[in-house]
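Please read the numbered points with the sequence and the model in view.

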Amino acid sequence: MQTILGATGQIAVELARELVRNTTTELRLVSRNPRKVNATDAVVAANLLDTEQTLAAVTGSDVVYFTAGLPPDTAVWEAQFPTMLRNALDATRAAGAKFVYFDNTYMYPQDDRLLKEDAPFEPNGRKGKVRAEMAAMVLEEMARGDIPVLIGRAPEFYGPGKTQSFTNALVIDRLKLGQKSRVPVRDDTLRTLIWTPDASRALAVLGNAPDAYGQTWHLPCDDNRLTYQQFVALAADVFGRPPAYSVIGRLTMTVAGLFKKEVREISELLPRYQQDNLFDSGKFKRRFPDFAVTSYREGLCQIQQQASAIG
């Protein structure tokens with residue numbers, strides 16, 4: 001039995017599809033309001049803030065994936081995220097299962113250095129500090145050695161469906177609607193983006209590779225990094241739209257944050273858009289050379305085809 005904790009987000013949904021497609025039909029999906037992704041899925045309603053509910057949800061599992069997310073609210077992150085993760089780790093240890101932690105890059109330095117798995121934790125804001133605390137918690141569990149543990153870390157998303165990211169919201173979704181794209185801070189710095197189904201497929205691969213445990217892995221991305229100027233041009237070509245966009249400066253976004261909570265909540269990430277964002281996934285590609293990484297054009301074409309089918 002493999003179990004996904006936090007099973008309603010985009011990463012979890014794609015992970016559930018991948019696991020059933022290639023690994024197992026014995027899959028348990030856990031969240032407050034779980035929904036089946038595959039016909040064979042078992043669903044369990046549980047609040048990960050509750051120790052006993054989390055333990056019951058994990059009991060009997062061989063592999064546990066932690067993909068839980070929370071709204072971008074700093075106070076909620078600080079109050080809930082570490083507790084959810086601690087409960088998940090304790091429950092997995094009690095079950096004697098393997099633990100796969102899906103992580104992001106909030107805790108990394110927001111400069112132009114090449115980020116590999118040994119990059120230091122230098123969080124820029126409160127949410128980054130929460131993610132650093134959580135990653136440290138998982139690393140401590142890994143070092144303890146009671147259960148097999150691994151970390152799969154991803155940079156900013158772009159993808160199909162309800163993928164939530166700057167790039168989807170400001171570029172892709174607006175182009176699909178025939179609107180002018182918006183670019184955060186600068187249009188001439190290189191971005192490293194991960195196609196969400198690739199992130200999920202890679203998690204499934206790692207979770208079922210015994211030698212992957214005890215390590216941190218950067219999940220695979222297209223090495224042909226693009227600036228936002230190039231990305232908008234490519235997306236516009238795929239969607240058949242004019243490649244028009246405007247750059248929203250950091251000062252403008254900072255001022256907007258004084259009045260809009262949703263803008264204020266992402267302000268700590270703005271420094272990463274001022275210079276190249278270079279996330280290296282070479283370690284994964286060397287270990288799994290047959291893993292096919294989706295190119296930016298291929299990903300955008302899939303989004304366009306999906307939009308055409310719906311429209």
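**Points on helix packing and selected residues**

1. Glu14 is a residue of helix α1, which covers residues 10-22. The model under discussion is a predicted one. With a relative accessible area of 12%, Glu14 is buried, since buried means under 20% relative accessible area. Beyond its neighbours within four places in sequence, Glu14 is in contact with Pro160, Pro197 and Ser200. A further relation across the chain concerns Ala202: Glu14 and Ala202 are 188 residues apart in sequence, while their C-alpha atoms are 11 Å apart in space.

2. Thr3 belongs to strand β1, residues 2-5. Its relative accessibility is 0%, so Thr3 counts as buried. The side chain of Thr3 makes a polar contact of 2.6 Å with the side chain of Ser61.

3. Leu48 is placed in the loop between β3 (42-45) and α2. Leu48 is buried, its relative accessible area being 7%. Apart from residues up to four places away in sequence, Leu48 touches Leu5, Gly6, Thr54, Phe66, Ala68, Thr83, Met84 and Asn87. For one of these, Gly6, the separation along the chain is 42 residues, and the C-alpha atoms of Leu48 and Gly6 are separated by 8.4 Å.

4. The helix pairs may be taken next. Two packed helices are described by the angle between their axes and the distance between the axes. Helix α2 (residues 51-58) packs with helix α3 (residues 74-95) at an angle of about 45°, and their axes are 9 Å apart. The two helices are therefore oblique to each other, and the crossing of α2 and α3 is right-handed. From α2, the residues Thr51, Thr54, Leu55 and Val58 meet Asn87, Ala88, Ala91, Thr92, Ala94 and Ala95 of α3. By class, this contact of α2 with α3 comprises six nonpolar and four polar residues, with no charged ones.

5. Helix α3 also packs with helix α4 (residues 126-144): their axes come within 9 Å and cross at roughly 10°. That angle makes α3 roughly parallel to α4, because angles under 35 degrees count as roughly parallel. On the α3 side the residues are Thr74, Ala75, Trp77, Glu78, Phe81, Pro82, Leu85, Arg86, Leu89 and Arg93, and on the α4 side they meet Arg126, Lys127, Val130, Arg131, Glu133, Met134, Met137, Val138, Glu141 and Arg144. The contact of α3 with α4 divides into 10 nonpolar residues, one polar and nine charged.

6. Ala136 and Phe121 are 15 residues apart in sequence, and their C-alpha atoms are 9.4 Å apart in space.

7. A further helix pair consists of α5 (residues 166-176) and α7 (residues 228-239), which pack at an angle of about 35° with their axes 10 Å apart. The crossing of α5 and α7 is right-handed. Phe166, Thr167, Val171, Ile172, Leu175 and Lys176 of α5 meet Tyr228, Phe231, Val232, Ala235, Ala236 and Phe239 of α7. The residues in this contact of α5 with α7 are 10 nonpolar, one polar and one charged.

8. Thr105 is found in the loop between β5 (98-103) and β6 (114-115). Its relative accessible area is 8%, and Thr105 is thus buried. A polar contact of 3.4 Å joins its side chain to that of Arg272. Not counting residues up to four places away in sequence, Thr105 touches Arg153, Ala154, Pro155, Arg272 and Phe279.

9. The last point concerns backbone geometry. Most residues other than glycine have a negative phi. Val185, in the loop between β9 (181-184) and β10 (190-191), has a phi near 75°, a positive value in a residue other than glycine. At 12% relative accessibility, Val185 counts as buried.

Definitions and conventions:
Residues are numbered from 1 along each chain as its sequence is written. This is a predicted model: local features need pLDDT of at least 70, side-chain atom pairs count only at pLDDT 80 or more; totals for chains, interfaces and linings use all residues. Side-chain values use heavy atoms; hydrogens and water are left out. Helices (H or I, at least four residues) and strands (E, at least two) are DSSP runs, numbered from the N terminus. Buried means under 20% relative accessible area, exposed over 50%, partly exposed in between (1.4 Å probe, protein chains only). A polar contact is a pair of N or O atoms within 3.5 Å; within protein, one must be able to donate a hydrogen and the other to accept it, and residues adjacent in sequence count only if both atoms are side-chain atoms. Axes are lines fitted to C-alpha atoms, for helices over the stretch in contact, and angles run from 0 to 180 degrees between N-to-C directions. Angles under 35 degrees count as roughly parallel, over 145 as roughly antiparallel, 65 to 115 as roughly perpendicular and the rest as oblique. A crossing is left-handed if the near helix is turned anticlockwise from the far one by less than a right angle, and right-handed if clockwise. Contact means heavy atoms within 4.5 Å. Ala, Val, Leu, Ile, Met, Phe, Trp, Tyr, Cys and Pro count as nonpolar, Asp, Glu, Lys and Arg as charged, and the others, Gly among them, as polar.
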